[in-house]
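Reader: I'd like to go through this one with you, a bit at a time. Could you show me what we have?

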Amino acid sequence: MAERERKGAPPFGGSFVAKATVMDAEQIRRAVKRMAHEILERNGGLDDVVIVGLQTGGIEPALHLVEAFETIEGTRPPLGSVDVAFHRDDIGLRPVLPEAPTDIPTELTGATVILVDDVLFTGRTVRAALDALNDFGRPRSVQLAVMVDRGHRELPIRADYVGKNLPSARSEVVNVTMSGVEIGEMQK
Amino acid sequence: MKHLLSIDELTTDELQELLRITPSFAEVASRRIAKVPALRGLTVATLFYEDSTRTRLSFEVAAKRLSADTLNVSVASSSVNKGESLRDTAETIEAMGIDAVVVRHASSGAPWQLTKWLDASVINAGDGWHQHPTQALLDCFTLQQELGSLEGRHIAIVGDIKHSRVARSDVSAFTRLGATVTLVAPPTLLPPATETWPVTVSHDLDSVLTDVDAVYLLRMQKERMRESLVPDLREYTALYGLTAARASKLGTKIPILHPGPMNRGVEIAADVPDLDQVVVVDQVRNGVAVRMAVLFMLLGSGNSGLPTDSLPAMAEEVPA
C-alpha cells in the first residue's frame with residue numbers, strides 16, 4: 001500500500017494492523033522470477049520492452065523485475081516510473097498530492113510497456129496510468145504485472161502477470177513490501 | 001487550504017510540501033505534450049489592477065498545463081475604467097462561474113477583502129508593498145535547486161526593500177526554511193521597524209558580498225518613487241548596484257536572483273545578467289511549476305471544499 005493511501009486512510013492518520021502474512025520474502029522472490037519468465041516467454045525476449053513502475057507501490061517490484069531479467073537474460077530493460085496523481089478520477093474529492101516526478105526514460109511509441117504495481121484492486125489507478133502513458137507516445141502494447149490481485153474491480157481491467165491472487169474483503173487492506181505481503185485493516 | 005494570500009499564512013509544513021511536489025509539476029511542463037487533465041472543467045480568472053507580464057502569463061500557463069480554463073480580466077479595457085468597484089468586478093466574474101481568482105492590486109490587503117465577497121479561491125499575485133507569496137515560493141525553489149537547501153545559508157537581499165512585496169515575502173520564507181538574511185539598502189529605502197524582522201541590515205554591499213551564498217537583487221521601483229529617496233540613480237548604482245566589478249569578485253558559484261523586470265544599468269550592470277550564475281530564467285521557468293503546484297493544492301487536492309469526514313471510506317474509493 002502506498003504511503004499516500006496510509007496518510008489518506010480514515011480516520012486520517014490511521015495505522016495498518018496486520019491479521020495474517022500471506023507471502024514471505026522467499027515466496028515473493030520466486031513469484032517475481034516466475035513473472036519475469038512469463039514476460040520473456042510472451043514477448044519473445046526483451047526487445048522494445050520498457051518496465052514502468054507506478055508510484056509509489058510499484059517502484060520496488062519494478063526494480064526487482066528488472067534485476068530478475070538481468071539474472072536470467074543478462075540485460076536490463078529501461079526502467080521508468082509514473083505518478084498518476086494528475087490523471088486520477090477522484091481529484092478534488094480527497095487529498096491526493098503527487099509523490100515524485102514521472103520519469104519515462106525513453107520514447108514509448110512502438111515499445112512494449114510492462115506496467116508494474118503492488119496491488120490490483122479497483123483498477124482505477126491502472127486506468128489513470130494508461131491515460132498518463134498517452135502523453136509519452138503510442139506503445140505497441142501495454143501489459144500489466146501486479147504482485148497481488150485482490151479482486152473488487154470497478155473497471156474492465158485485468159492483469160497479465162500476477163504474483164498471487166488473494167481473495168479479500170473490500171474493507172481489508174493489503175500491504176505489500178518486498179519482505180512480505182500482509183492482509184489486515186486500518187485502525188485508529 | 002482554500003486561499004493563498006500571504007506566505008505567512010502557510011505553515012512551514014505546507015511551505016515544504018509545496019516545494020516537495022513542485023518537481024512533479026516541472027516534469028509535466030517539460031513533456032512534449034505538456035498538459036495533464038488534473039483541473040479539467042475548472043476556471044481560473046486573472047484580475048490584474050497593476051501591470052504585469054510574467055506573473056499573469058505564468059499563472060495562465062500554469063492553469064492551462066493543468067487543463068483549467070483561463071479568463072483574463074484586462075482592467076485597462078474593462079468596466080473598471082467606468083468606475084466599477086473591485087467588489088462589483090469580482091462578483092461579476094464570479095457569477096460567470098469561476099473557481100479561483102488570481103488578483104494583483106495596488107492596495108495592500110485587497111485579496112483579503114475579496115475572500116469576504118467571493119466563494120472562489122483567491123490567490124494573491126501581489127498586493128501593494130505587502131505580499132507576493134508565489135514569488136517567494138519560486139525563489140525558494142530556485143535557491144533549493146542552486147544550493148541544495150536553504151538551511152544555514154546566507155542570502156543578501158539588495159535594493160528597494162521599502163516598496164518591495166517580494167522582499168517581505170522572501171524574508172519570511174527564506175528564514176523559515178533556515179536561511180539567514182541580510183538586507184542591504186540605503187536607509188531611505190528600508191521600511192520602518194526592520195528591527196522586528198528576523199534579519200540583519202547593512203548599508204555596505206561590498207562587505208556583505210564577501211560572505212554570502214546567494215544574492216537577491218530587487219528592482220528600483222521608479223513608479224513608486226514619487227519622493228526623492230536616492231540622490232540619483234548613478235549614485236545608487238555605484239553604492240548598491242551589482243556592477244561588473246562586484247560580480248567578478250563574487251565568483252561564478254554564487255547564484256544571483258532577480259524577480260524581474262530588470263533595470264539594466266541600475267541595480268544590475270548591463271552585461272551582468274548574461275553571466276551563468278544569474279538564474280533569472282530559471283526563476284521564470286520555476287514560476288510556472290510552483291504556480292501549478294499552488295493551483296493543484298487549492299483546487300485539486302481535495303483540501304479545499306469538502307470536510308474530511310464527508311469523504312467516502314478509503315476502502316471503497318482509493319484504488320490499491
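This is a predicted model: local features need pLDDT of at least 70, side-chain atom pairs count only at pLDDT 80 or more; totals for chains, interfaces and linings use all residues.

Reader: Okay, is Glu235(B) buried, partly exposed or exposed?

Author: Buried would need a relative accessible area under 20%, and exposed would need over 50%. Glu235(B) comes out at 38%, so the class is partly exposed.

Reader: How far apart in space are Glu235(B) and Ala136(B)?

Author: Along the sequence these two are 99 residues apart. In space, going C-alpha to C-alpha, the distance between Glu235(B) and Ala136(B) is 29 Å.

Reader: Let's talk domains. What separation do the centres of domain 1 and domain 2 of chain B have?

Author: The assignment for chain B gives domain 1 as 7-132 + 284-306 and domain 2 as 134-282. The contact between them takes 31 residues from domain 1 of chain B and 28 residues from domain 2 of chain B. Taken over C-alpha atoms, the centres are separated by 26 Å.

Reader: What about empty space inside? What volume does the largest cavity have?

Author: Rolling a probe the size of a water molecule over the atoms shows where empty space is left. The count comes to six cavities of 30 Å³ or more. For the largest cavity, the volume is about 100 Å³.

Reader: Which element gives the largest share of the lining of the largest cavity?

Author: The lining includes Arg54(B), Gln135(B), His258(B) and Arg291(B). Elements of chain B that give two or more residues to this lining are α2 (54-65), α5 (133-147) and α10. The largest share, four residues, comes from α10(B).

Reader: By class, how many residues of that lining are nonpolar, polar and charged?

Author: Leu138(B), Pro259(B) and Val284(B) are among the lining residues, and these residue types count as nonpolar. By class, the lining of the largest cavity has three nonpolar, five polar and two charged residues.

Reader: And where does the largest cavity lie relative to the domains of chain B?

Author: Look at which domains give residues to the lining. Domain 1 and domain 2 of chain B both do, so the largest cavity lies between them.

Reader: Which backbone oxygen lies 3.1 Å from a polar atom of the side chain of Asn263(B)?

Author: Asn263(B) is found in the loop between β9 (256-257) and α10 (280-300) of chain B. With 16% relative accessibility, Asn263(B) counts as buried. The backbone oxygen at 3.1 Å from its side chain belongs to Met220(B).

Reader: What is omega for the bond from Gln55(A) to Thr56(A)?

Author: Thr56(A) has its place in the loop between β2 (49-54) and α3 (59-73) of chain A. The bond from Gln55(A) to Thr56(A) is cis, and omega is near -5°.

Reader: What phi does Ser67(B) have?

Author: Ser67(B) sits in the loop between α2 and β2 (69-74) of chain B. Its relative accessible area is 16%, so Ser67(B) is buried. Although Ser67(B) is not a glycine, phi is positive, at about 70°.

Definitions and conventions. Residues are numbered from 1 along each chain as its sequence is written. Chains are lettered from A and ligands numbered from 1 in the order in which they are written. Side-chain values use heavy atoms; hydrogens and water are left out. Buried means under 20% relative accessible area, exposed over 50%, partly exposed in between (1.4 Å probe, protein chains only). A polar contact is a pair of N or O atoms within 3.5 Å; within protein, one must be able to donate a hydrogen and the other to accept it, and residues adjacent in sequence count only if both atoms are side-chain atoms. On a 1 Å grid over the protein atoms alone, a cavity is a set of points where a 1.4 Å probe fits but cannot get out, and a pocket is an open set with protein on both sides within 12 Å along at least five of seven lines; lining residues have an atom within 4 Å of a point. Grid points are joined across faces, edges and corners, and a volume is the space filled by probe spheres set on the points. Domain bounds come from an automatic or database domain assignment. Contact means heavy atoms within 4.5 Å.
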